[in-house]
Amino acid sequence: MELRNSTLGSSFILVGILNDSGFPELLCATVTVLYMLALTSNGLLLLAITMEARLHVPLYLLLGQLSLMDLLFTSVVTPKALADFLGRENTISFGGCALQMFLALTMGSAEDLLLAFMAYDRFVAICHPLKYMTLISPRVCWLMVATSWILASLVALGHTMYTMHLPFCMSWEIRHLLCEIPPLLKLACSDTSRYELIIYVTGVTFLLVPISAIVASYTLILFTVLRMPSNEGRKKALVTCSSHLTVVGMFYGAATFMYVLPSSFHSPKQDNIISVFYTIVTPALNPLIYSLRNKEVMGALRRVLGKYRLLVHSTL
C-alpha cells in the first residue's frame, strides 16, 4: 500500500461518533448539553474554590485541579467534534491532530494520577485525622499537583512524538472521536507490535497502579467507617465514598479499555462510545458528584454568587 509522509501539510479526516450514529442530531444535542454542563459546573466550582478563603485547604485544592483538568480535557475534544458535525467539515491538520493528542493525553494522564492522590487524601482524613495536617500539608499537596502535571506532560509528549512519526497509509480516515493513539495505530503501515507493548506498560503504570491505590485506600476507609459509633457519620462517609468510586469506575474503566486491552478487543464503534465516557460524560459528572453533597462547597458558591450580584447591582 502506498505510504504518505507525516508532514505538517497533511490532514486527517475525523469520522467520530456523531457521524457514525443512527440519530446524529439527538446525539449532537446530548453532547452539547453535557459540554455546557461541564463548562458551567467546573467553572463555578473553580470560582468558588478560588474566591472563598475557607476552601483554601488541600482537599479543595485537589478538587479545583480536578475541575481544571476536566474543563480542559472536554474542551480539547468536544468543541471540535461539534463544529465538525455542524459544519460538515471533518478534517484536522497533522499539527492539530498532534496537539489534540498531546493535550488529551496530558489531561487524561494527569487526572489518572490526581484521582489516586485524592483517594490518599481521603484515606488520611478519615483513617488518620490527627496526622492530616502533617501528612497532607499545603507543600505536600502542591507536590502532588505538580507531580500529576509534569509526569503526565512528559509521557504525553513522548507518545505524541513517536505516534506522529509513524508512516501512515494513503487513507487517513480516523474513525474516532479524537486523535488518539489506538485509532492512529490502525492507520500505520509499519509494524507497531513493540510500540503497542510500550503503550500497554504505560497504561498499566498510569491506570492499574493508581486504581489499585484507590481501591486500597477506599477499602481501608470502609473498614474505618464501619467502626464509627455514629450512624449519621457512617452513612455520610459511605455515601461520599460510593459517589467517588462511581466516578472513578467510569473514568478508569473506559480508559483501561482503550489503553490496556489488546487491539483485538477493539472496534471503531466501541472505541467511540468508550471515549465519550472519559472525554465528555465524566467531566460533566465529576463536579456534580464531588460538590452537590458538600455543604461547604455549596455554601461557598452561594456566598461568591451573592457577592457578585451585589457588585453588579452597585454598578448599575
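Which helix gives the most to the nonpolar patch? Helix α8 (residues 193-226) does, with four residues. The views below are taken from a predicted model.

**View 1. A nonpolar patch lies on the surface.** Its members are L220, L222, F223, L226 and L238. L220 sits in helix α8. Its relative accessible area is 42%, so L220 counts as partly exposed.

**View 2. Strands β3, β2 and β5 make an open sheet.** The order is β3-β2-β5, and the pairing is mixed. β3 (91-93) and β5 (173-174) stand at the edges. Each has a single partner strand, so one side of each lacks a neighbour in the sheet. Strands of a sheet pair through backbone hydrogen bonds, either parallel or antiparallel. Strand β2 (residues 11-14) and β3 run antiparallel, joined by three bridges. F12 has I92 in β3 as its bridge partner.

**View 3. E52, R54 and R303 are linked in a network of salt bridges.** R54 pairs with E52, with the closest N and O atoms 3.6 Å apart. R303 also forms a salt bridge with E52, at 3.5 Å between the closest N and O atoms. This second pair links distant parts of the chain, 251 residues apart. R303 belongs to helix α11 (residues 295-315), while E52 lies in the loop between α2 (24-51) and α3 (58-87). E52 is buried, with a relative accessible area of 7%. R54 is exposed, at 60%. R303 is partly exposed, at 32%.

**View 4. E173 and R175 meet in a salt bridge.** The N to O distance between their side chains is 2.9 Å. E173 is partly exposed, with 33% relative accessible area. R175 is also partly exposed, at 34%. The structure holds six salt bridges in total.

View 5. A compact globule of 316 residues would have a radius of gyration near 20 Å; the protein has 21 Å, which agrees. Of the 316 residues, 48% count as buried. The accessible surface comes to about 15900 Å², and 69% of it belongs to carbon and sulfur atoms. Among contacts between residues at least 6 apart in sequence, 78% join residues at least 24 apart.

Definitions and conventions. Residues numbered from 1 in each chain as written. Predicted model: local features only at pLDDT ≥ 70, side-chain atom pairs only at ≥ 80, totals over all residues. Heavy atoms only, no water. Patch = residues over 30% accessible without salt bridge, like charges linked within 9 Å, V, L, I, M, F, W, Y side chains within 5 Å. Areas by Shrake-Rupley, 256 points an atom, 1.4 Å probe, with all protein chains shown as cover. Salt bridge = Lys/Arg side-chain N within 4 Å of Asp/Glu carboxyl O. Helix = DSSP H or I, 4+ residues; strand = E, 2+ residues; numbered from the N terminus. Buried < 20%, exposed > 50% of the residue type's maximum accessible area, 1.4 Å probe, protein only. Rg over C-alpha atoms; globule rule 2.2 N^0.38 Å. Contact = heavy atoms within 4.5 Å. Pairing = 2+ DSSP bridges.
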